[in-house]
Structures are given as C-alpha cells and as structure tokens.
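Please keep the sequence and the coordinates in view while reading.

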Amino acid sequence: MSETKSAEPLDRMAVRRHQFRLSMLVATMAVAGTLIGSVSGGAFTLLNTSNQVEATVNQSSNEFLRTQRQQIYTEFLTAANEVCTTAGSVSVAFDHFDGPDLSGVMLEILGPLPRQNIVLGSKFAAVELIGSGAVVESARRMVVEYLAGAETIGWLSNDFAADDVVSADALSTRQQQFADHFQSGKSAQEDFLTAVRGELGIPERGDRP
C-alpha cells in the first residue's frame, strides 16, 4: 500500500516535468517564429527601401542629364541663330547692292562672323560630348554647312579686296554657293530640332493637348 502511494507523486512529477518541457518548447518556437518574422519583415523593408533609393537616384540622374542637355542645346541653337542672322544679312546685301557698295556693306556685315563661328564650334563640342547620335550628327551638319557658307563669303570678300569690281559670273557663283550652304544648314537645323525633341520627349507643337 505504501509503495503505491509513493509511486503516485513520482508519476505526477514526471507529468509536470513533461508539461513544463512542452510549454517551454512551445514558447521557444513562438519566440523563434516572432524573430524570423521580424527578420524577414526587416529584410523586405530594407530591400524595398533600397529599391526606392536606387529608383530615386536614377530618376535624379536622368533629370540632371536632361536639364544639362536642354541648356547645352539651347546655347548651341543660340550660337547657330547668330550665324543665321549674319547670313540673312548677307543675302539681303546680295539682293540690294552691287559693285563697291556691296563690298563696303559686306565688310561691315561680316565683322562679327569670325567670333560667331568660334562660338558655334565651341558649343558644338559640348553637344558632341552629351548628345545622342542623331542629335550630334545633325548638329555636325549644321556646323559644317554654316562654316562652309562663311568660307564662301570670305572668298568673296577677298575678291572685293583685290578688285572692287567683281565679275558678274564670279559674284553669281559665290552667291549660289553661299545660298546652297545656308539652306543645307537650315535643313540640318530642322533635323537637329526633331532629334532633340525625340531625345528629350518634347512633343511637336501640333501634338500638344
């Protein structure tokens, strides 16, 4: 009888120890699950934040490049328009003057052209560094044609300097050469503007809502 009574407390203690171990195991698993969830959530948040930062950096970089291109292209076009203005004045002079009068007017008109050509060349160098292929190619044609037109006018000025009376054939030839280069330059400028709009995502005037 005494042996039976002493065995019962031992069985209860074994059951309690088992229950305690089981509760500890459950608690440990719960803590581990919480930690795993926290780590996973933190890793996801970190990854998401990293992607957002990368996207923001890329967007800022693209916006900076676009702003730089706009500024450089604007400066290049300003320089090209100055050359065009001078060239237009030359065309007017051809239409309204001849002989010694044309010589004097031409020398006055062409005074700023060398500086304008230098500025145009320097602005093109910036376009060449930052522009896309289509933009650079059309800009190069602009510069080549405008400078060739200026060179043609330079030859005519030299002709006038050597002899105030230039033959009608020589004058007509120089005038036509100048007009051809000037028109080719204007055509290249239109191509340049089209390429710039495409590169920068600027709609055509007719495409605006």
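The model is predicted, so local features need pLDDT of at least 70 and side-chain atom pairs count only at pLDDT 80 or more, while totals for chains, interfaces and linings use all residues. Residues are numbered from 1 along each chain as its sequence is written, and side-chain values use heavy atoms, with hydrogens and water left out.

A search of the whole structure finds five aromatic pairs; rings of Phe, Tyr and Trp (its six-membered ring) pair if their centres lie within 6.5 Å, and planes under 30 degrees apart count as stacked, over 60 as edge-to-face and the rest as tilted. One of them is edge-to-face, because the rings of Tyr73 and Phe192 have planes at 80°, with centres 5.8 Å apart. Tyr73 belongs to helix H1 (residues 2–96) and Phe192 to helix H5 (residues 168–200), so this pair ties together parts 119 residues apart in sequence. Helices here are DSSP runs (H or I, at least four residues), numbered from the N terminus. Both Tyr73 and Phe192 are buried. The rings of Phe76 and Phe124 form a tilted pair, because their planes lie at 50°, with 6.4 Å between the centres. This pair also links distant parts of the chain, with Phe76 in helix H1 and Phe124 in helix H3, 48 residues apart. Ring pairs join Tyr73, Phe76, Phe124 and Phe192 into a cluster.

Phe124 lies in H3, which spans residues 113–130, and its relative accessibility is 10%, which is why Phe124 counts as buried. Beyond residues up to four places away in sequence, Phe124 touches Phe76, Val136, Ala139, Arg140 and Val143, where contact means heavy atoms within 4.5 Å.

An α-helix has 3.6 residues a turn, so residues three or four places apart point the same way.

Thr152, in helix H4 (residues 133–162), counts as buried because its relative accessibility is 3%.

Terms used. Helix = DSSP H or I, 4+ residues; strand = E, 2+ residues; numbered from the N terminus. Buried < 20%, exposed > 50% of the residue type's maximum accessible area, 1.4 Å probe, protein only.
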